[in-house]
Amino acid sequence: MKDENMKILVIGSGGREHTLAKECAKSPLVGQVMVTPGNGGINREFTSFAVGVEDNRGIVSLALDENIDLVVVGPEVPLCNGLVDDLKAVGILAYGPDAAGAQLEGSKAYTKDFLAKYSVPTAAYGNFSEVAPALQYLEGCQPPVVVKASGLAAGKGVLICENLQEARAAVEDMLSGESFGESGKEVVIEEFLEGEEVSLHLICSGESYVAMPMSQDHKKVGEGDAGLNTGGMGAYAPTSLVTPGMLARYEEEIVKPTLAGLKAEGVDFRGTLYIGLMLTENGAKVLEFNVRFGDPETQVILPLLANDLVELLLKSARGEPMPDQVAFKDESAMVVVLASHGYPGAYPKGEVITEPETPIADAVLIHAGTREKDGKVVTAGGRVLGAVGTGASLTAARDRAYELVEAVSYESKYFRSDIGHREFSRT
Ligand SMILES: Nc1ncnc2c1ncn2[C@@H]1O[C@H](COP(=O)(O)OP(=O)(O)OP(=O)(O)O)[C@@H](O)[C@H]1O
Ligand SMILES: [Mg+2]
């Protein structure tokens, strides 16, 4: 394959995938970007298909029919389902880890044992698939204590328990298979860590990698980080919490031992490794790994990349060494998520969305929970849109993002007005 006029197929339907499609389309190597299944905004901008993310066979035939040169997999579920393995088996290049690599996200119990084996700093823990030993372990824990369903749970499988009674109930509930099905049949009980949370995204090719700017997201639905957890109400990058010196240390203490450990386990890890870090008094500790780009973090990380994204994705997918030097713009980016009132609980759907008629400089509207209906774009999810602003400073990025937020309307529009507050209170 010559690296020009390439056809790329992005898998997914969220803000992450809209951003990936837009950024891939900017590459001089790319002729066409297609997406399946997409959303209301993606489908207006790119050729889209109706094949769902869990239909491996459908995606493989689509990629063959359309002569796709590179498949870029957005979400974790198809990665854990072995989509990349299935594509490889028919000779199609795909960005993302194979099923063996995806275990780092698909099994929290596997990951904790892996981290312990390779001495990567993380919270003290125990893995359990039986109730009695889990309850016994809890007797030796100091609350608060964290109880996690080991398998994929769409961001809902983690409970921070204020007392042991709550923790016991969480363990029994998960192991019974009642609330999390198969994903809860094994649980991780973990020490509660205190500190600031940051995310580090790496584009990996075995032991070689490129580190993207550090970002911070806002999981809580309410202002001042109050209320229920969500998929993310906003994010920004870079964060001043992590200096270049600190990053260099995390690379030595966390990144390199992790990638070397994967190699030792026989895993040739290709794709995104998202490292969720807690910056504690005793140094940075791994909270979790994800094996795909974060959503909404993608929306603020990729616009800061000065290199060609597709060139990096190709190197990773092919298992070639990543470049030693990658350039990032000397800018900041912020995404403010536009949600529906009621989210993460019940919320209305089908409301017509009005977008600004003239573009706003340095601002981009990313679609997430939207769909087309009778020629109009309507709301179709809890997180509807992402308003992304970029600028020379985080303040400038914020001003652009919120200018766009104000210019968008639909009846149940809800957003947090304090995205980036931690950074602004520091600087
Ligand atoms: N040991 C811990 N101490 C304190 N807080 C924790 C701990 N583990 C998890 N958390 C909190 O719970 C959140 C979710 O945990 P985790 O990242 O393991 O779950 P997840 O469902 O995989 O999340 P994501 O949807 O981001 O992939 C973390 O972002 C963090 O805020
Ligand atoms: Mg996770």
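A: Contact here means heavy atoms within 4.5 Å. This is a predicted model, where local features need pLDDT of at least 70, side-chain atom pairs count only at pLDDT 80 or more, and totals for chains, interfaces and linings use all residues. Residues are numbered from 1 along each chain as its sequence is written, chains are lettered from A and ligands numbered from 1 in the order written, and side-chain values use heavy atoms, without hydrogens and water.

Q: What is L202 in contact with, leaving aside neighbours within four places in sequence?
A: L202 touches Y209, V210, A211, V255, G271, T272, L273 and I275.

Q: Which residues have the most contacts inside the largest nonpolar core?
A: V71, L202, L273, I275 and L277, in a core of 47 residues. Such a core is a set of buried (under 20% relative accessible area, 1.4 Å probe, protein chains only) Ala, Val, Leu, Ile, Met, Phe, Trp, Tyr and Cys residues joined through side-chain atoms within 4.5 Å.

Q: And which domains does this core draw on?
A: At least three residues come from each of domain 1 (6–96) and domain 3 (196–318). The bounds come from an automatic or database domain assignment.

Q: New topic: which protein donors does the magnesium ion have?
A: E288 (OE) and N290 (OD1), 2.0 to 2.2 Å from ligand 2. Donors are N, O and S atoms within 2.8 Å of the metal (3.2 Å for Na, K and Ca); water is not among the atoms, so sites may look incomplete.

Q: Is N290 buried or exposed?
A: Buried, at 5% relative accessibility. E288 is partly exposed at 22%, a class lying between buried and exposed (over 50%).
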